[in-house]
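Thanks for making time this morning. I would like to walk through one model with you, beginning with a helix and then moving to the aromatic rings.

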Amino acid sequence: LFMQRVIDHQSDPQHYKADACIVWCFDGRFSKLLDQFIQKFQFSHIDLVKVAGGAKDLASPEIESNRAYILDQIAKSIKLHHTEQVVLMAHSECGAYGGSADPDFYSTELIKARAVVSSAFPNVSVVAHFADFNGLQSVE
């Protein structure tokens with residue numbers, strides 16, 4: 001086995017407490033919005049679960065094992081980094097959802113996803129946000 005370093009970079013080896021575990025869609029159109037979100041809420045350390053559809057597989061998984069996978073990632077964040085908040089995101093015109101642009105549809109999905117996470121992890125705060133091409137809205 002041979003490895004060749006392609007980048008020199010000094011990472012902080014200290015263990016951290018995550019400010020949040022964020023479940024975000026991997027759609028690159030919303031990557032800068034994620035950066036703004038992290039900055040706005042002044043998160044120093046996050047655990048990022050970036051998957052197609054963001055919170056979709058929590059609310060409406062096509063395969064039940066997809067939900068289990070996301071819940072397992074959140075559980076690891078809580079266990080390893082003492083995370084006390086989970087942030088869920090879904091966005092307008094998401095391909096994983098078939099491209100719907102209806103914000104009410106996504107609100108309903110995010111409420112379902114929040115209930116799943118809250119049920120699995122009752123001691124963790126769970127918030128949900130809907131992204132469109134003009135920004136981010138909190139789902140109450």
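Which residues are exposed on the other side of helix 1? Before I answer, please keep in mind that this is a predicted model, in which local features need pLDDT of at least 70, side-chain atom pairs count only at pLDDT 80 or more, and totals for chains, interfaces and linings use all residues. Residues are numbered from 1 along each chain as its sequence is written, and side-chain values use heavy atoms, with hydrogens and water left out.

The exposed residues there are Lys 32, Gln 36, Gln 39 and Lys 40, where exposed means over 50% relative accessible area, buried under 20%, and partly exposed in between, with a 1.4 Å probe and protein chains only. Helices are DSSP runs of H or I with at least four residues, strands are runs of E with at least two, and both are numbered from the N terminus. The buried residues of helix 1, which spans residues 31–40, are Leu 33, Leu 34, Phe 37 and Ile 38. Because they cover an arc of only 140° around the axis, they lie on the same side of helix 1, the arc being that of the directions from the helix axis to the C-beta atoms.

Turning to the rings, Phe 37 and Phe 43 are both buried, and they form an edge-to-face aromatic pair, 5.9 Å centre to centre with 65° between the planes. Rings of Phe, Tyr and Trp (its six-membered ring) pair if their centres lie within 6.5 Å, and planes under 30 degrees apart count as stacked, over 60 as edge-to-face and the rest as tilted. Ring pairs link Trp 24, Phe 37, Phe 41 and Phe 43 into a cluster.
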